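Please have a look at it first.

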Amino acid sequence: MNEWLTLALTGMAGLLLGAIFFGGLWWTVRLGVTSRRPALLFLGSLLLRTVVVVAGFYFVADAHWQRLLACLCGFVIARIIVTRLAGPPLEHRNAPAKEPGHAP
């Protein structure tokens with residue numbers, strides 16, 4: 001298989017792994033607010049998301065540092081996308097605009 005195609009596919013796998021990780025984090029935070037046992041929810045979610053991502057990186061990289069780097073780039077891009085899709089925190093959505101600070 002062409003090396004560029006392999007790197008593109010591993011980058012897309014990194015996007016998928018990042019979407020799973022950061023989407024799962026977003027989902028966990030939203031559920032954690034109303035959960036009766038938020039610590040258990042956060043710990044379980046962290047362990048599950050981490051195991052899935054580390055296993056995904058391991059299998060996708062297949063002992064090639066170039067594939068690992070492409071997967072990591074996709075993972076970081078997914079973080080940026082999920083962060084933008086999730087929007088700003090609730091307390092910042094309706095806050096009035098602040099005047100720029102001045103030196104004393």
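Arg67 counts as buried because its relative accessibility is 19%, where buried means under 20% relative accessible area, exposed over 50% and partly exposed in between, with a 1.4 Å probe and protein chains only. This is a predicted model, in which local features need pLDDT of at least 70 and side-chain atom pairs count only at pLDDT 80 or more, while totals for chains, interfaces and linings use all residues. Residues are numbered from 1 along each chain as its sequence is written, and side-chain values use heavy atoms, leaving out hydrogens and water.

Arg67 is found in helix α3, helices being DSSP runs of H or I with at least four residues, numbered from the N terminus. Setting aside neighbours within four places in sequence, Arg67 is in contact, meaning heavy atoms within 4.5 Å, with Thr6, Leu7, Thr10, Val60, Ala61 and Asp62.

Now to the packing of α3 (residues 65-86) with α2 (residues 38-61): their axes, which are lines fitted to C-alpha atoms over the stretch in contact, come within 8 Å and cross at roughly 140 degrees, on a scale from 0 to 180 degrees between N-to-C directions. That makes α2 oblique to α3, since angles under 35 degrees count as roughly parallel, over 145 as roughly antiparallel, 65 to 115 as roughly perpendicular and the rest as oblique. On the α2 side, Val53, Phe57, Val60 and Ala61 meet Arg67, Leu68, Cys71, Leu72 and Phe75 in α3.

Helix α1 (residues 3-32), in turn, packs with α2 at about 180 degrees, with the axes 10 Å apart, and the two are therefore roughly antiparallel to each other.
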